[in-house]
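These are my notebook entries on a structure that is new to me. I looked up how its parts are arranged and how they meet.

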Amino acid sequence: MHKKKNLLGLKDLSRQEIESILQQATLFKEIFNRPVKKVPTLNNKILVSLFYEPSTRTKASFDMAAKILGAGMVNFSVQTSSVKKGETLIDTVKNLESMGIDGIIIRHGNGGAPHLVSEKVNIPVINAGDGFNEHPTQALLDIFTMIEEKGYIEGKKVTIIGDILHSRVAKSNIWGLKKLGADVVVCGPSSMIPAGIENMGVKVVHSVSDAIEDADFINVLRVQFERQKGNFFPSVREYYREYGITTKRLKKAKEDVVIMHPGPMNRGIEISTEVADGPYNVILEQVKNGVAIRMAVLYKLLLRRTTE
Ligand code: CP
């Protein structure tokens with residue numbers, strides 16, 4: 001990653017590069033327990049966060065990560081920018097680069113937008129989620145949380161359940177988890193499983209009971225209503241009945257199963273409130289780990305370390 005200067009997706013990273021980010025995040029997480037949460041290693045750097053889609057967790061945690069590392073963050077609001085006057089994405093990023101910005105964090109509704117930006121600027125570009133394609137920092141924080149919970153990933157069974165088709169989180173998780181040796185199962189209605197996903201090395205299972213059985217981790221995905229053109233299942237009530245993760249369903253799961261969700265959650269659709277707030281969930285721990293992961297990514301990209 002460091003020689004390439006961008007973080008566009010986990011598809012592009014080696015196992016060693018992924019592990020190096022996770023190790024760095026472990027060091028940074030220790031800082032949260034200190035009274036003074038500051039490691040001013042990026043003191044003279046200024047980043048811009050360019051979010052063409054809404055975000056709570058990713059945007060706030062990148063802001064926080066930059067602050068802890070001493071970097072400045074320019075929060076670019078698409079709604080009040082010249083994008084609204086028709087300025088293109090490329091013109092927008094080239095203008096920001098010419099101001100002396102040191103790095104771009106971008107979320108965009110179109111898959112490949114961060115890749116296009118990275119070809120046009122000479123500063124690091126970090127993908128904060130692009131269309132259905134990838135959300136690399138989410139997958140890194142998910143994997144980091146899994147390792148915290150069970151010590152390692154190799155040979156663990158990870159079930160990703162729900163709207164796989166529209167999920168960039170699923171794609172990045174699959175790239176990362178497979179590189180680290182996990183057994184990955186995807187489960188959901190046939191209409192929400194992308195054709196050919198088996199080629200990524202995952203097993204497709206349509207029965208939720210089968211998918212849950214023996215799983216070490218269940219990563220529950222949000223049903224992405226905003227991306228669906230047409231109906232992918234008859235009704236929300238039926239989705240919940242057939243695919244919703246409930247306490248009753250978890251009776252078939254391992255005693256130490258870990259329940260994850262990238263957020264935002266649709267309670268009562270893909271997950272019950274009882275499970276979302278229940279004893280097996282690590283959902284807010286995932287959010288907390290997001291800050292450490294994003295610190296690690298900013299640190300590695302902006303210091304342009306080339307030793308690994
Ligand atoms: N998980 C995730 O990307 O959440 P946000 O959309 O709130 O950033």
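This is a predicted model: local features need pLDDT of at least 70, side-chain atom pairs count only at pLDDT 80 or more; totals for chains, interfaces and linings use all residues.

Residues are numbered from 1 along each chain as its sequence is written, and side-chain values use heavy atoms, with hydrogens and water left out.

Entry on the domains. I found the protein divided into domain 1 (10-135 + 287-307) and domain 2 (137-285), with bounds that come from an automatic or database domain assignment. Taken over C-alpha atoms, the centres of the two domains are 25 Å apart.

Entry on the interface. I read that 33 residues from domain 1 and 30 residues from domain 2 take part in the contact, where contact means heavy atoms within 4.5 Å. About 2700 Å² is buried between the domains, and carbon and sulfur atoms give 59% of this; buried area is the accessible area (1.4 Å probe) that two parts lose on being put together, summed over both. On the side of domain 1, Leu 10, Phe 132 and His 135 lose the most area to domain 2, together 26% of what that side buries.

Entry on salt bridges. How many salt bridges does the rule find across the interface of domain 1 and domain 2? I recorded four. I also looked up Lys 29 and Glu 148, whose side chains meet in a salt bridge at 2.7 Å, N to O. Of the side of domain 1 that touches domain 2, the largest share, eight residues, comes from α1. Helices (H or I, at least four residues) and strands (E, at least two) are DSSP runs, numbered from the N terminus.

Entry on the sheet. I traced five strands in an open sheet, ordered β7-β6-β5-β8-β9, with parallel pairing; two strands pair if DSSP finds at least two bridges between them. The edge strands, β7 (203-205) and β9 (258-260), each pair on one side only. I followed β8 (residues 217-220) to β9, which it pairs with over three bridges in the parallel sense. Asn 219 has Met 260 in β9 as its bridge partner.

Entry on a helix. I saw α5 (residues 136-150) lying across β5 (157-161), β8 and β9, at about 165° to β9. Axes are lines fitted to C-alpha atoms, for helices over the stretch in contact, and angles run from 0 to 180 degrees between N-to-C directions.
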